[in-house]
Amino acid sequence: MNSQQNYSGWLNKVPEITLVFWFIKMMSTTVGETAADFLNMDLNFGLTNTSIITGILLAIALFFQMRAPRYKPVLYWLTVVFISVFGTLITDNLTDAWQVPLAASSLFFSVVLVVTFVVWYRQEGTLSIRSIDSLSRESFYWLAILATFALGTAVGDWLAEGLGLGYSSAAIFFGAWIVIITIACFTFSANKVFCFWAAYILTRPFGAACGDLLSQPVDNGGLGLGANLTSLIFGVAIVVMVGGLVVNDWRKSERIAGQRD
C-alpha cells in the first residue's frame, strides 16, 4: 500500500491563506530569529546545544503534525515556529561555526529550494498548497518550508549585515518586494502558486530584519528591546491569533457535525 493510500483519509493539512496567516507567518520568523539568539547567547546554550534542543523539539512537532489527519492550528503553527528557529540555526551554524560566507549560504539554500520544487512538481504535478493531502506532498511541503527559513536567514543577514544595508533598510527592502508581489498577484493576475512561494520566502528575511531592528542594541542600529522582550511580544501575539484560529476551527467542526446530524 503506497503513501497516498495510507493517508487517503487526509484533508488538506495547510491553513487557508488569509491576512491572519501572513501575520502569524511573519511573526513566527521574528520569533525564530530572536528565540535562537536568546537561547544561544542570553542563556549561553551555545549554537550546538541550541541546535540539538530545537532539532529534537522540531522532530517531535513534525511527528505529530504529519500523523494528524487534517489541519490543526496549534500543531501546525507550533511546527512552523520550531522550523523557523531550526532554519535560523542551520544558517547560523554555517556562518559562525563553519565560517561559510552568507553569500555562499544564500546560493546553496537557493539551489536546495529550487531542487525541492523541481522534484516535488515532477512527482506530484503541482506545488499548490491547497492539496497537501498525502504523506509525500506534506514531506515536500515541510522540506520547502525549512529551506525557505534557512535561505531567508542567509539572505537577510547578508544584506543587513554583510552588505551593510542595516536592519531598517533591509526591512523596507523586503517589505517593498512583498508589496510588489501582492500587487502582481491581485492586480495583474500573476500565478498564485509562484506569488505564494515568493512571498513566503521574502517574509522570512522581512521578519528577521524586523526582529533584529527591535532586539539589537541601539549602537548596532536596533531599538534595543532585547531578544527576550521581542520574543515575548511576538510570542504572545502568535498565541492570541492562533487561539482565534482554534475557536474558528472548533466552530467549523461543530457546523459540519450539525449538518451531518
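This is a predicted model: local features need pLDDT of at least 70, side-chain atom pairs count only at pLDDT 80 or more; totals for chains, interfaces and linings use all residues.
Helix axes are taken here as lines fitted to C-alpha atoms over the stretch in contact, with angles running from 0 to 180 degrees between N-to-C directions.

In the helix pair, helix 4 spans residues 73-97 and helix 5 spans residues 102-124; their axes come within 10 Å and cross at roughly 140°. Angles over 145 degrees count as roughly antiparallel and those from 65 to 115 as roughly perpendicular, so helix 4 is oblique to helix 5. The crossing of helix 4 past helix 5 is right-handed. On the helix 4 side, the contact is made by Ile90, Thr91, Leu94 and Thr95, and these meet Leu102, Ser105 and Phe109 of helix 5. Sorted by class, this contact comprises four nonpolar and three polar residues, with no charged residues.

Attention now turns to the pocket. The largest pocket of the model holds about 650 Å³ of space. Its lining is made up of 25 residues, and those nearest the centre of the pocket are Ile17, Trp22, Phe186, Phe196 and Ala199. Three helices each supply at least two residues of this lining: helix 2 (19-42), helix 7 (167-186) and helix 8 (192-215). Of the contributors, helix 8 gives the most, with eight residues.

Note on methods. Residues are numbered from 1 along each chain as its sequence is written. Side-chain values use heavy atoms; hydrogens and water are left out. Helices (H or I, at least four residues) and strands (E, at least two) are DSSP runs, numbered from the N terminus. Angles under 35 degrees count as roughly parallel, over 145 as roughly antiparallel, 65 to 115 as roughly perpendicular and the rest as oblique. A crossing is left-handed if the near helix is turned anticlockwise from the far one by less than a right angle, and right-handed if clockwise. Contact means heavy atoms within 4.5 Å. Ala, Val, Leu, Ile, Met, Phe, Trp, Tyr, Cys and Pro count as nonpolar, Asp, Glu, Lys and Arg as charged, and the others, Gly among them, as polar. On a 1 Å grid over the protein atoms alone, a cavity is a set of points where a 1.4 Å probe fits but cannot get out, and a pocket is an open set with protein on both sides within 12 Å along at least five of seven lines; lining residues have an atom within 4 Å of a point. Grid points are joined across faces, edges and corners, and a volume is the space filled by probe spheres set on the points.
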